[in-house]
Structure formats: structure tokens, C-alpha cells
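Please read it alongside the sequence and the coordinates.

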Amino acid sequence: MASVAWAVLKVLLLLPTQTWRPVGAGNPPDCDSPLASALPRSSFSSSSELSSSHGPGFSRLNRRDGAGGWTPLVSNKYQWLQIDLGERMEVTAVATQGGYGSSDWVTSYLLMFSDGGRNWKQYRREESIWGFPGNTNADSVVHYRLQPPFEARFLRFLPLAWNPRGRIGMRIEVYGCAYKSEVVYFDGQSALLYTLDKKPLKPIRDVISLKFKAMQSNGILLHREGQHGNHITLELIKGKLVFFLNSGNAKLPSTIAPVTLTLGSLLDDQHWHSVLIELLDTQVNFTVDKHTHHFQAKGDSSNLDLNFEISFGGILTPGRSRAFTRKSFHGCLENLYYNGVDVTELAKKHKPQILMMGNVSFSCPQPQTVPVTFLSSRSYLALPGNSGEDKVSVTFQFRTWNRAGHLLFGELQRGSGSFVLFLKDGKLKLSLFQAGQSPRNVTAGAGLNDGQWHSVSFSAKWSHMNVVVDDDTAVQPLVAVLIDSGDTYYFGGCLGNSSGSGCKSPLGGFQGCLRLITIGDKAVDPILVQQGALGSFRDLQIDSCGITDRCLPSYCEHGGECSQSWDTFSCDCLGTGYTGETCHSSLYEQSCEAHKHRGNPSGLYYIDADGSGPLGPFLVYCNMTADSAWTVVRHGGPDAVTLRGAPSGHPLSAVSFAYAAGAGQLRAAVNLAERCEQRLALRCGTARRPDSRDGTPLSWWVGRTNETHTSWGGSLPDAQKCTCGLEGNCIDSQYYCNCDAGRNEWTSDTIVLSQKEHLPVTQIVMTDTGQPHSEADYTLGPLLCRGDTRLLKVWRRESVIFEIFPSLFGRLRWEDGLSQGVQHKPGQDESFWNSASFNTETSYLHFPAFHGELTADVCFFFKTTVSSGVFMENLGITDFIRIELRGRLATLDKSQGYRFILPPPQLTVLFFCIAVIISFHPERAFMFSCVCTRLNFL
């Protein structure tokens with residue numbers, strides 16, 4: 001009983017703790033106070049203002065002073081309104097209005113935030129790439145609760161669209177509360193060692209929580225060792241957080257492989273990210289931002305007996321050489337807690353539990369780097385070149401997901417040539433065009449479209465040009481000739497009037513982020529570009545890197561491999577057994593019955609019993625008969641088992657049977673079938689004697705859920721009778737099985753096990769009474785299933801079948817909808833099917849808009865004699881989804897390309913995958929056809 005209680009306690013202790021927060025950290029429960037209304041006018045700033053009375057200081061919510069709100073000088077997408085909250089605050093909601101009594105309001109906007117007024121990050125509503133819907137008039141207030149909230153000192157509102165009959169106009173409010181923060185900074189060569197209290201009783205659960213802001217893409221965040229080489233390590237590797245857990249004993253031979261778990265991506269963006277690690281024995285919860293992974297490490301808890309020291313920022317082991325064997329963390333940790341203990345506060349007070357090495361400080365420096373985002377292939381940044389110099393010299397850093405795109409283009413003086421630097425197939429290539437000479441090309445780097453920052457240095461002078469990408473250098477000799485640098489360099493795309501070689505290329509402009517640009521020996525300040533004091537640009541987002549990882553989380557199902565570009569992602573379904581945009585639709589039929597309806601003969605086939613569910617396909621033999629199709633699943637046990645006498649009550653035989661399919665696959669196949677059975681052929685003889693004459697069985701069998709059954713054949717549970725006992729034709733009427741008669745002759749029983757909820761048989765156990773010469777043998781046949789509950793009910797109906805499968809949003813119920821001219825015919829099993837007959841052209845079923853969340857399946861069977869008609873329509877304000885029959889083909893009508901806005905909650909459909917489109921033939925009007933559509937809302 002104690003072990004059961006301990007198991008229950010462990011489950012409770014490892015429940016998700018998203019609301020867990022150490023005492024004294026973060027915001028109180030009531031965190032919705034207005035933050036902007038009490039700020040002075042100097043806390044508000046903007047990109048521009050139409051007049052002094054339209055300045056940002058007049059942008060408080062519901063205020064009517066000045067002109068009644070902020071309005072910029074020019075209404076375009078490069079304008080912004082900024083608030084300085086004075087210190088980092090917890091922000092939980094925002095509200096907007098238009099300009100008082102005017103035609104000026106914003107209909108959609110982006111919300112950006114920052115700690116230091118540089119390197120802004122976009123707040124994304126539930127991973128949506130779109131902004132916030134704004135106002136529809138000047139005076140109504142639109143509130144938005146932020147889920148999750150965030151911490152920041154600076155906020156920016158970037159208008160995306162506004163009233164076409166007016167200008168940009170905004171009044172705003174921000175809601176939240178004070179935020180307590182304890183920060184420790186590591187410079188990449190420092191570390192902090194925390195020694196735990198050596199209490200006689202160790203805590204039941206270890207909890208480590210922290211936030212981090214990384215200045216570099218690699219480094220150790222924390223490390224803890226044990227006495228025998230076991231350890232846990234949290235390390236940032238290429239912007240991803242990797243958790244290492246080694247629960248084995250390094251001094252002993254072990255087959256326990258270390259656990260390596262990776263979460264997060266692009267975590268080197270110099271913004272805060274949260275981490276929560278919970279350990280209970282070998283059970284672990286690992287959470288990064290909103291993504292949690294639960295797993296059970298192999299081995300026992302004694303192997304995970306860790307020391308009383310935890311190292312933060314690097315691997316620091318007292319008593320040994322204090323050299324760092326792996327790259328240390330460069331960045332800041334915030335609100336660092338171990339089991340509720342504020343480790344940073346202990347360090348600030350120089351408590352004896354803390355040992356610090358190197359430059360550890362307690363303030364987090366703000367990054368001064370200003371990144372630039374090239375939002376589209378038409379984006380460009382034009383900067384003055386080092387005109388008049390006899391060389392070309394440019395350096396910068398970039399990150400992107402795109403395999404191709406123009407990075408840099410420039411023309412030389414007096415039309416003497418041009419150069420272009422571009423990505424192709426993930427490699428950086430430089431081409432130099434000079435009058436009277438063939439183009440010179442050089443290539444460096446590989447796999448540069450991995451989303452990581454890469455450094456580029458390009459120079460050309462007199463007799464050579466070279467490109468350096470990270471640590472890869474490529475040099476190309478040139479004919480000795482003067483290279484006269486031009487006036488303007490174009491990063492990304494080009495202006496329409498640029499006609500140099502390579503500028504107008506099918507590759508398109510660069511999409512991604514650039515930073516640390518230098519031309520010649522001069523560093524470029526993008527803020528001057530934003531203010532209009534330097535160069536020019538188009539379709540840029542300055543002071544922000546807007547890269548997102550569309551493969552985190554991956555929407556590719558069934559092991560499909562996710563790859564991405566700047567705008568979208570794709571799934572490689574090769575070898576998964578599934579197809580479609582997200583590897584959702586199985587390549588295989590769900591049953592042998594479905595193969596039969598396709599006209600396939602008997603043979604070996606793969607079936608996928610749960611269709612697009614998580615279970616994979618498996619191989620079966622399909623035996624096609626005149627009126628049905630039998631699915632045959634063979635086991636790997638012995639063909640025949642021979643039994644001989646043993647001492648009384650001892651098992652003669654306990655044989656287990658394994659199948660080619662897993663337990664989940666077998667359960668799905670059995671549940672899908674109309675009938676399943678398994679035959680047991682038993683022969684016995686040579687004076688075998690029963691236990692008693694009361695029918696007590698000498699044997700039993702175990703089903704798929706490890707339950708024991710003493711009933712045989714088609715008998716009811718606990719009836720303890722073979723088939724002959726049920727039919728009353730056993731060779732001895734005193735017994736319920738032929739083999740219990742104890743005759744000195746061979747007898748046999750053919751037993752059919754047909755209670756499908758218990759099949760297949762996984763073990764058979766037989767005992768004897770001690771008769772030394774008793775003998776028997778038995779053979780267990782394969783699992784046999786026939787029918788398909790999905791198809792069987794359909795073929796028997798003479799009406800239209802319409803059902804939405806319960807993948808994510810639940811099944812439509814008849815009582816939830818409105819109908820007219822529709823005859824409802826419930827199925828024999830309400831959990832599977834309902835049917836409806838649409839008797840006139842005005843017949844309809846009307847249901848509330850379905851909630852698809854991220855993905856949704858729409859599947860139904862139909863049969864009809866008409867050649868056209870609408871099956872389903874889901875209307876929005878301007879967009880819609882419609883599945884209809886046109887002529888002889890069921891099609892999916894697409895409005896405005898692949899982008900749809902559905903009724904509330906508004907969802908954006910980026911693409912569709914029609915899993916099955918069946919051509920409809922009037923001569924087969926009395927056969928059912930199937931349509932299945934996959935919608936992905938991302």
C-alpha cells in the first residue's frame with residue numbers, strides 16, 4: 001500500500017507547474033493597474049508628429065488635450081509610438097483608441113517591447129505572425145489581455161493599417177504591475193558555485209527556475225555532478241537549450257544511455273527566456289518558455305545521487321583546477337531559484353554558500369547592436385559606399401532560413417563594373433564583373449540558411465578578392481587593375497533603376513536579418529537610416545530581428561522532417577508512411593475491408609488502423625472472400641505446444657504470444673472490426689484427470705490488457721465452459737469440455753475465442769492434477785478480424801452521411817445544429833455514425849462555427865445521383881471555405897488564394913491538403929464516395 005501511495009505522490013508532484021512562482025519573484029495575482037496614465041509627457045516618444053498638438057505626449061487613453069491623440073507627420077507603416085515605463089514592469093494588457101473627435105484611427109498594429117530601447121521584439125499572440133486588430137472608430141476603446149504577459153521597460157505600437165479616409169491616430173493605455181528582478185551577469189569567463197545545505201533528509205523534488213538572456217549562442221547555464229560520473233547539465237548550443245542527464249555509473253558497465261533533450265530555438269536573440277526544471281527520482285519535467293517535455297530517465301534513483309554543489313554560468317568544481325572545460329555562458333540570469341532559495345540574493349550578500357570566479361556582476365548590460373530585418377524579397381537598404389577608394393571592403397553578420405537571395409550589390413565608378421554577393425543553395429557566392437573581362441566568382445561557407453548568425457567579410461583590391469564566412473576563407477586572383485569603389489551599396493534587393501550585372505536576378509532579394517555592417521572602416525548606424533539621415537530603404541524593420549522558427553513546434557506529423565524558409569515551412573514525409581502538407585494522411589487503408597472495396601485480391605498489405613492517428617501502419621494478410629475480408633495477424637509463438645504430466649497444481653505450460661503489431665495497433669484494428677476471433681485447437685489423452693467434477697478449469701488465457709479469462713469459446717465471462725459445453729454435445733455430459741472427461745483416448749476441442757474486447761490472446765497457461773501419464777497439445781491460430789465499422793454502416797445506408805471526425809474540435813452533434821428539410825437517421829452505434837438525407841435543394845444543416853485550433857479534419861461519405869451541389873460552407877466576413885460537387889469531381893473552392901479568415905475565433909488557413917478527392921460517376925450513384933480534407937491553421 002505504501003508503494004502505491006508513493007507512486008500517487010510522485011504523479012502529483014510532477015503535475016505541470018506553469019503557475020508555480022517562487023515567493024518574492026514576479027508579479028502579484030492582481031496585475032492590471034494602468035501604467036501609462038500617470039507617466040509624464042517625456043515618457044512618450046514617436047517617429048514623427050503632424051504638429052506640436054499631435055505629439056506623443058497627448059496619446060494617453062481617453063485624454064482630449066492637444067489635438068486629442070498622437071498623429072505622425074506621414075501615415076505609413078514606418079511610424080511608431082513609444083512608451084518608457086521607467087523600469088521593467090509586468091505588462092498584462094493594452095488598450096487603444098483613435099484621435100478624439102476625428103477620422104484618425106488605427107485598424108491593426110504590432111506591439112513591440114524592449115528592456116533598453118534597442119533590439120525590439122514583437123509580441124506574438126499565441127504564435128500568430130499577425131498583429132492586433134485595432135479600432136473601428138475614433139472613441140471606442142479596444143482592450144486586449146496578453147496571454148502570456150511579458151516584462152519590459154519600453155513598448156512600441158507600430159500601426160499596420162488605418163482608416164483609409166483619415167490618418168494614423170492613437171491613444172493608448174498599458175496595464176500591469178511592478179516586477180521584481182534579481183539579475184546576475186556572466187561575461188563568458190566567469191561562474192558561480194552554490195553549495196546546498198547538507199540536510200539529513202534530501203528534498204522529495206528538486207526545482208530549478210530561472211530566466212536567461214544570452215549574448216552568445218553557446219554556453220553552460222548550469223551543471224551538477226554526482227560521485228560516480230552521473231550529472232545534469234543545461235547548455236545553450238547554437239541558440240537551442242540542451243538538457244543532459246546521465247543517470248549511470250561511470251565506474252560500472254552500463255547500458256543506460258545518457259538523456260539528451262533539446263528545446264527552444266533562436267534563444268540567442270538577447271531577450272529573456274524562462275526555464276523550469278523539476279526532478280523527482282528519475283522523472284523530469286523540462287520547460288523552456290511555453291514548451292514542456294516530460295520524460296523518465298532510465299536507471300534507479302540511487303544512480304542520480306548528486307553532490308551538494310550546483311555550478312551556474314560554467315563548470316566550476318572546487319578542489320580541482322578551475323579551468324573551464326566547455327564554453328561558459330555569456331549573458332544574464334534572472335530570478336535564479338533552487339527549491340525556492342534566491343541564489344542571486346545569496347551571491348549579492350556574499351554568503352558562504354556562494355563561490356564566485358571571474359567577473360560576476362549584478363546588473364545586466366543592454367545590447368547596443370541594432371539589427372535590421374529584410375521583410376520581403378523587395379526589401380533593400382541603400383548605403384553610401386567608400387567612393388574614391390581603390391578597394392571595396394564590407395563586413396556584416398546575417399541570419400536567414402532562405403537558401404537563396406541577394407545580399408549585396410554595388411557598381412564600380414565610371415561604369416567599370418559591378419559586384420554582387422548572394423546566397424545560393426545555402427552557400428555564399430561573390431561575382432565580380434569588370435569591363436572587358438570574364439566574371440570572377442568565389443564561393444565560401446555551406447549550410448548558411450540554418451537560422452544562425454554568420455559573419456561575412458568581403459574585400460577586393462587591385463590583384464585579388466577574398467570572402468571570409470565565419471572561419472571559411474576563399475580567395476580569387478584578379479588581373480591587376482584599379483578597382484574604383486562606387487557611390488552606393490545595396491543590401492537585399494535593388495532599386496528599380498539599377499541595371500548592373502546580377503542585380504536583376506531570379507534569386508530575389510535577401511530575407512532575413514543583418515547587423516554590424518561596416519563599409520570601409522566606418523560602422524553603419526541603422527538608427528540614422530531610420531531617421532532619414534543616412535541612405536534609404538524599403539520594407540525594412542529597423543532595430544529588430546524578426547526571424548521566427550516555424551518548425552518549433554513542428555507541425556509535421558508522424559516523424560515528418562520539418563524544413564523552412566523565411567515565409568513558410570514544409571514537411572518531408574519520405575519513409576513515414578504518410579502524405580500531405582503535414583504528413584497527416586496515411587498512405588495505407590485502415591482495414592482489409594477497405595482494400596476489398598478497392599478491388600484488391602487476397603495478399604499481404606499494410607493497414608493503418610487508426611488512419612491519421614499516432615499509430616503507424618503494420619503488415620497483415622488480407623483474405624478476401626465472397627462476402628467479407630478477413631484481416632489475419634499472425635503471432636510469433638510456437639506453432640504447437642505439447643504438454644505432459646506435472647505435479648499437482650503446477651503449470652504444465654505458460655506460453656506467451658507476441659504479434660507483429662504493437663498493442664496499440666492491435667487494439668485499433670480490433671476496435672475497428674465488426675467481429676474478431678481466435679481459434680484454439682486442443683488435443684488431449686492418456687488418462688488425463690480433472691481437478692474435480694464441479695467444472696473447475698485446468699487452464700486459462702490472458703488477453704491484450706493482461707486480464708485472465710477462464711471462459712472459452714463463445715461463452716460468457718466466468719461460465720468456464722468450452723464450446724461443446726455450451727452446445728451440450730461434450731463426449732461426457734458431466735463435463736464442460738471434452739478434454740476434462742479423462743478418457744484413455746485422444747479427444748479434441750476446437751475453441752473459438754470471439755470476445756473481441758479481450759483479443760488477441762497474449763498467454764495461455766495450463767495445469768494438471770499430477771497424473772504422470774497425462775498428455776495434450778494445442779495450437780493457437782492467428783487473430784482474425786472482419787468488417788469495418790466505418791464502412792459497414794455506410795454501405796447499408798441509403799442517405800447522405802456527413803460527419804466531422806473528432807480530431808481536435810469534437811464531433812458535430814445533431815442537437816447542436818439547425819436543420820430544414822433534412823431527415824435524421826441515427827446509426828446503430830451513435831458513437832460512430834449519424835446519417836442525414838437531404839431531400840430538396842433547399843435542405844440544409846446549420847452548425848456553429850467549429851473551433852479548429854491549429855488543425856482540423858473534415859471528412860464525410862456521400863452518395864447522390866445529382867452532378868453538383870454544396871456539401872459544406874463556412875462563411876467569414878469576406879472569405880470562405882466551401883466544399884462542393886462540380887460536375888463529376890468533388891473539389892475544394894479556394895477564396896483569395898490559400899488564405900482564409902474564419903468566423904470567431906478568427907483563424908488563418910495557410911494551406912490545405914485534400915487527402916482524398918474521389919471522381920464521381922453517375923452510373924455508380926448508389927455507391928458511397930469519400931472526401932477528407934485537412935485544414936492547417938498556423
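## Sheet and strand pairing

Leu241 stands opposite Leu263 in E15. Strand E14, residues 240-246, is joined to E15 by 5 bridges, and the two run antiparallel. Here two strands count as paired if DSSP finds at least two bridges between them. Strands are DSSP runs of E with at least two residues, helices are runs of H or I with at least four, and both are numbered from the N terminus. This is a predicted model, in which local features need pLDDT of at least 70 and side-chain atom pairs count only at pLDDT 80 or more, while totals for chains, interfaces and linings use all residues. Residues are numbered from 1 along each chain as its sequence is written, and side-chain values use heavy atoms, with hydrogens and water left out.

The open sheet has 7 strands in the order E15-E14-E13-E12-E19-E10-E22, with antiparallel pairing. Strand E15 (259-263) and strand E22 (354-357) each have a single partner strand and stand at the edges, so one side of each is left without a neighbour in the sheet. From one strand to the next, the twist averages 15°; axes are lines fitted to C-alpha atoms, and angles run from 0 to 180 degrees between N-to-C directions.

Strand E9 (residues 183-187) is mostly covered, with 4 of its 5 residues buried. Buried means under 20% relative accessible area, exposed means over 50%, and partly exposed lies in between (1.4 Å probe, protein chains only).

E9 pairs with strand E20 (residues 330-338) in the antiparallel sense over 5 bridges; within E20, Leu333 is the bridge partner of Val184. E9 also pairs with strand E23 (residues 360-361), again antiparallel, over 2 bridges. In that pairing Phe186 has Val360 as its bridge partner.

## Whole-chain figures

The protein chain has 7 helices and 66 strands. Of its 938 residues, 51% count as buried. Among contacts (heavy atoms within 4.5 Å) between residues at least 6 apart in sequence, 69% join residues at least 24 apart.

The chain exposes about 42800 Å², of which carbon and sulfur atoms supply 51%. Accessible areas come from the Shrake-Rupley method with a 1.4 Å probe, and for residues only the protein chains shown count as cover.

## Salt bridges

A salt bridge is a side-chain nitrogen of Lys or Arg within 4 Å of a carboxyl oxygen of Asp or Glu; by this rule the count comes to 22. One of them joins the side chains of Asp539 and Lys77 at 3.0 Å, N to O. Asp539 lies in the loop between strands E37 (536-538) and E38 (540-542), and Lys77 in the loop between strands E2 (44-46) and E3 (81-97), so the pair ties together parts that are 462 residues apart in sequence. Asp539 is buried at 12% relative accessibility, whereas Lys77 is partly exposed at 44%.

Arg171 and Asp139 meet in a salt bridge at 3.1 Å, N to O. This pair links distant parts of the chain, 32 residues apart: Arg171 is in strand E8 (residues 171-178), and Asp139 is in the loop between strand E6 (132-133) and strand E7 (142-162). Arg171 is buried at 1% relative accessibility; Asp139, at 40%, is partly exposed. Separately, Arg88, Asp115, Lys213 and Glu334 are linked in a network of salt bridges.
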